Amino acid sequence: MKHGVAFRKFSRTSSHRNLMLRNLVSSLFEHEQIRTTLPKAKDTARLAEKIITLGKRGKETSYRRAQGFLLKPELLPKLFSTFAQRYKERPGGYTRVIQIDNRKGDNAPMALLELVDNPKDFKFEMTARAVGRELLTDKLRWNTPRGVLNSSVTDAHVSVSDELQLKVSDKGQLRSVTRRNLHKVLRYRGREALADISEKANTYIVRLPDNKEDGTLNLLQEMLLARPLLQHRAQVAESSRAENAKAPYSAAFPKTSLHAGSAAPGEIRSAGQLAKGALTRTGWLPRSRSRSVNKGPPQPSPYTVQNLRLS
């Protein structure tokens, strides 16, 4: 009978596999963020959470067990002091596995394995960027791009504080997904985390004259402000063209060309469907009551006004 065959084998012997996982856990505790394959990351996260639980207990037996597992003895003070204090209120879930791009060569799925609430927390950084992007987008709804560029957004701390008071399903400046991630990354952090994420959000939406003396924009500002400015320029060009030609009001809006193969206004079938012979509407003839099988290729129905959909 198959007993004790759980978890992955990684095509290695038991001793080789255990030593590899111990090495990955030790590297994770040392750097707090490692990059490895997705299956290895999942098994490493399972073992790392058990070792962190030993660190939270703080007993001598837990110390001996962690000492026998970790390959670097200098990580024991970090485990029983830093990690135990950081995850004191967290009931579990000390690791996070984020799937990233595949590895070049063998196309193996790669993952980013990290300890939550670490100084270089990936989700914390991405949430701060999302907050900055959505605050800037919300301000672009009511102001011109040039006005937002000159005044910037300086109330990120106030906006984040207000969003934390709302539920995930409530309507606010942020999307529900961003608000849920904001609650997650700040749930077990201190008050300094609120100021930290607000400062990070400001760095993506506010001009930085100290670091950029030439007045250049951030990449986020270039991405968000380029589209409204181009749309505004197209609108002005179409408006001036309509005024000179004395066109109706509807001509003042910019026109967008159709994609290749798309159906023109008034048509029901695209050019791609017509090229495949959809105009002929091929089909089998109905079977008779004697259940005789029709033989031969399908016969196209004749062209009629209903087939061509002419009016």
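The legends below describe close-up views of charged and aromatic side-chain contacts in a predicted model.

Residues are numbered from 1 along each chain as its sequence is written, and side-chain values use heavy atoms, with hydrogens and water left out. Because the model is predicted, local features need pLDDT of at least 70 and side-chain atom pairs count only at pLDDT 80 or more, whereas totals for chains, interfaces and linings use all residues.

**View A. Salt bridge between Asp43 and Arg8.** A salt bridge is taken as a side-chain nitrogen of Lys or Arg within 4 Å of a carboxyl oxygen of Asp or Glu, and the count by this rule is 16. For Asp43 and Arg8, the closest N and O atoms are 2.5 Å apart. Asp43 belongs to helix α2 (residues 38-57) and Arg8 to the segment before α1 (14-31), so the contact ties together parts that are 35 residues apart in sequence. Helices (H or I, at least four residues) are DSSP runs numbered from the N terminus. Asp43 is buried at 3% relative accessibility, while Arg8 is partly exposed at 34%. Here buried means under 20% relative accessible area, exposed over 50%, and partly exposed in between, with a 1.4 Å probe and protein chains only.

**View B. Salt bridge between Arg129 and Glu125 within helix α5.** The closest N and O atoms of this pair are 4.0 Å apart. Both residues lie in helix α5 (residues 122-140), where a spacing of four residues separates Arg129 and Glu125 by about one helical turn. Arg129 is partly exposed, with 41% relative accessibility; Glu125 is also partly exposed, with 22%.

**View C. Salt bridge between Glu134 and Arg175.** The N to O distance is 2.9 Å. Glu134 sits in helix α5 and Arg175 in the loop between α7 (156-164) and α8 (176-186), so that distant parts of the chain, 41 residues apart, are linked. Glu134 is buried at 10% relative accessibility, whereas Arg175 is exposed at 52%.

**View D. Salt-bridge network and a charge over a ring at Arg189.** Salt bridges with shared partners join Arg90, Arg96, Glu114, Asp117, Asp121 and Arg189 into one network. Arg189 also lies over the face of Phe124, at 4.4 Å from the ring centre. A charge sits over a ring if NZ of Lys or CZ of Arg is within 6 Å of the ring centre and within 35 degrees of the ring normal.

**View E. Aromatic cluster of Phe29, Phe83, Tyr87 and Tyr94.** The structure holds four aromatic pairs. Rings of Phe, Tyr and Trp (its six-membered ring) pair if their centres lie within 6.5 Å; planes under 30 degrees apart count as stacked, over 60 as edge-to-face and the rest as tilted. Phe83 and Tyr87 form a tilted pair, with 6.4 Å from centre to centre and 40 degrees between the planes. Tyr87 and Tyr94 are tilted too, with centres 5.2 Å apart and planes at 45 degrees. Relative accessibility is 1% for Phe83, 0% for Tyr87 and 4% for Tyr94; Phe83 is buried, as are Tyr87 and Tyr94.

**View F. Arg46 over the face of Phe7.** Arg46 is placed at 3.8 Å from the ring centre of Phe7.

Terms used:
Helix = DSSP H or I, 4+ residues; strand = E, 2+ residues; numbered from the N terminus.
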